[in-house]
Amino acid sequence: IGDGLVAQIPALLISVAAGLVVARVGHGQDIGTQMSSQLFASPQALYITAGIISLMGLIPGMPNLAFLILGAATAGLGWRLQKLAEEKQAAPEAAAAAERAAAATDSSEASWDDLMPVDVVALEVGYRLIPLVDKNQEGDLLKRIKAIRKKFAQDVGFLPPAVHIRDNLELRPSMYRILLKGVPVGEGEVFVNQLLAINPGRVSMQLQGQPTTDPAFGLPAVWIDQSQRDAAQAAGYTVVDASTVVATHMSHLLQTSAAQLLGRNEVQQLLDHFGKSTPKVVEDLTPKLLPLATVQRVLQNLLEEGVHIRDMRTVLETLLDEGARTQSAIDLTAAVRVALGRAIVQALSGGAGDLNVQVLDSRLEQLLTQAQASVGPDQIGIEPMLAETLTQQIGEAASRQEAAGQNPVLLLPDALRLPLAKLLKRSVPRLRVLSHSEIPESRTIRVASVVGAKS
């Protein structure tokens with residue numbers, strides 16, 4: 001056996017040497033450098049070698065001490081190479097981290113990219129209301145909001161801006177908030193798995209649940225379980241789910257804020273859309289005759305007093321007729337209101353019935369006309385006590401009209417319509433103020449009450 005090993009070992013060494021020589025062809029390093037770099041490139045290989053040598057040192061009859069010392073030295077060399085490799089790997093990572101920190105420092109500087117535009121209309125919801133706006137959880141609020149925008153466009157006359165929806169962890173879990181140009185204009189609290197039973201004023205029984213008020217119109221209501229739906233409807237309640245509550249509230253706020261939603265961009269889009277069917281009217285109106293800002297102001301004036309602008313043909317043709325005479329948005333608005341008088345009265349009276357109105361006493365009317373003539377077309381100079389008394393009496397008359405199932409309407413001379421409409425807007429927002437010129441000749445007027453008359 002010994003002779004055989006002695007004969008084979010030189011052949012093995014020669015084969016290994018030949019393999020090393022062949023393997024180093026094409027490299028510019030000497031064989032010693034290549035061998036050392038390859039043999040000590042992997043710490044795992046040294047660990048395996050150290051294990052094998054240590055096992056050989058445990059075999060009886062072998063030079064145990066020599067093998068164990070050699071195995072320990074090989075393991076120590078592998079550990080040292082591993083540490084060096086980790087340090088080399090950590091250096092680029094540290095450099096990359098430093099670069100990222102430097103980039104973060106640079107990006108912290110203010111720039112125009114940090115200036116985010118304010119959403120015109122936004123809806124913020126608490127985390128418990130996320131299922132209402134999540135399609136994956138069968139939330140239907142997004143579909144309802146699309147329907148609201150479509151109906152708004154059909155009723156009012158222009159397409160409102162898109163509604164941006166986001167969650168807000170600062171809100172209570174079941175609370176929502178509606179914002180207009182970044183300012184909250186309405187909020188409420190709804191419960192996903194419950195129903196809101198609204199009392200329209202003629203219910204036959206009281207329900208067990210959490211009392212509240214309808215966020216859209218302020219009517220008394222109560223949150224009930226879904227199992228009480230049939231009993232609530234039988235008792236005369238209007239029963240709606242959480243999505244309907246939010247959607248109704250948003251629809252109401254969009255209707256009352258229509259003038260603020262009509263920006264310069266919406267006016268231009270409205271004119272472009274109308275110009276497809278009647279391009280000559282739009283071409284002759286703006287910017288040849290009236291600037292876009294004046295057209296926008298007229299449309300906003302109409303919307304502020306609840307006059308819809310669906311009949312854009314009449315609006316634009318009236319502006320064409322009157323624009324050559326005046327550039328005043330106040331005068332142009334008055335002319336458009338007269339042209340839209342039939343539609344305004346139709347919306348207030350419904351059908352072809354009589355228009356029930358309240359009017360001013362002749363002496364009070366004369367006094368207000370003299371006070372208005374001394375200040376301006378859209379203002380009226382009267383004493384605060386008289387203004388308070390007038391507002392109170394008109395508000396009481398409006399309440400009587402509403403109790404009789406009528407829309408509250410105040411009929412005035414043309415010169416008094418605008419200043420009194422501004423005076424009464426905050427105190428009696430539900431009141432509609434009309435002038436004599438806006439009433440079509442075919443309509444019959446019925447005086448429901450006379451404000452200021454002595455009893």
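At what angle do helix α16 and helix α18 pack, and how far apart are their axes?

Author: This is a predicted model, in which local features need pLDDT of at least 70 and side-chain atom pairs count only at pLDDT 80 or more, while totals for chains, interfaces and linings use all residues. Residues are numbered from 1 along each chain as its sequence is written, and side-chain values use heavy atoms, with hydrogens and water left out.

Helix α16 (residues 362–373) and helix α18 (residues 414–424) pack at about 80°, and their axes are 10 Å apart. That angle makes α16 roughly perpendicular to α18 (the word covers 65 to 115 degrees; under 35 is roughly parallel, over 145 roughly antiparallel, the rest oblique). Axes are lines fitted to C-alpha atoms, for helices over the stretch in contact, and angles run from 0 to 180 degrees between N-to-C directions. Helices (H or I, at least four residues) and strands (E, at least two) are DSSP runs numbered from the N terminus.

On the α16 side, Glu-365, Leu-368, Thr-369 and Gln-372 meet Ala-415, Leu-416, Pro-419 and Leu-420 of α18. Contact means heavy atoms within 4.5 Å. By class, the contact of α16 with α18 has five nonpolar, two polar and one charged residues (Ala, Val, Leu, Ile, Met, Phe, Trp, Tyr, Cys and Pro are nonpolar; Asp, Glu, Lys and Arg are charged; the others, Gly among them, are polar).

Strand β9 covers residues 355–360, and six of its six residues are buried. Buried means under 20% relative accessible area, exposed over 50%, and partly exposed in between (1.4 Å probe, protein chains only). Leu-355, Val-357 and Val-359 are buried on one side of β9, and Asn-356, Gln-358 and Leu-360 are buried on the other. β9 pairs with strand β12 (residues 445–451) in the parallel sense over six bridges, and Gln-358 stands opposite Ser-449 of β12. Two strands count as paired if DSSP finds at least two bridges between them.

Now for the rest of the protein. It has 18 helices and twelve strands, and 36% of its 455 residues count as buried. Among contacts between residues at least 6 apart in sequence, 70% join residues at least 24 apart.

Four bridges join β5 (residues 195–198) to β8, and the two run antiparallel; Ala-197 stands opposite Val-239 in β8.

The whole structure has 20 of them, a salt bridge being a side-chain nitrogen of Lys or Arg within 4 Å of a carboxyl oxygen of Asp or Glu. Asp-119, Glu-124, Arg-166, Arg-177 and Glu-187 are linked in a network of salt bridges. Within it, Asp-119 forms a salt bridge with Arg-166, the closest N and O atoms being 2.8 Å apart. Asp-119 lies in the loop between α4 (64–107) and β1, and Arg-166 in strand β2, so the pair ties together parts that are 47 residues apart in sequence. Both count as partly exposed: Asp-119 has a relative accessible area of 22%, and Arg-166 has 35%. Glu-124 also forms a salt bridge with Arg-166, with the closest N and O atoms 3.4 Å apart. This pair links Glu-124 in strand β1 to Arg-166 in strand β2, 42 residues apart. Glu-124 is buried, at 8% relative accessible area.
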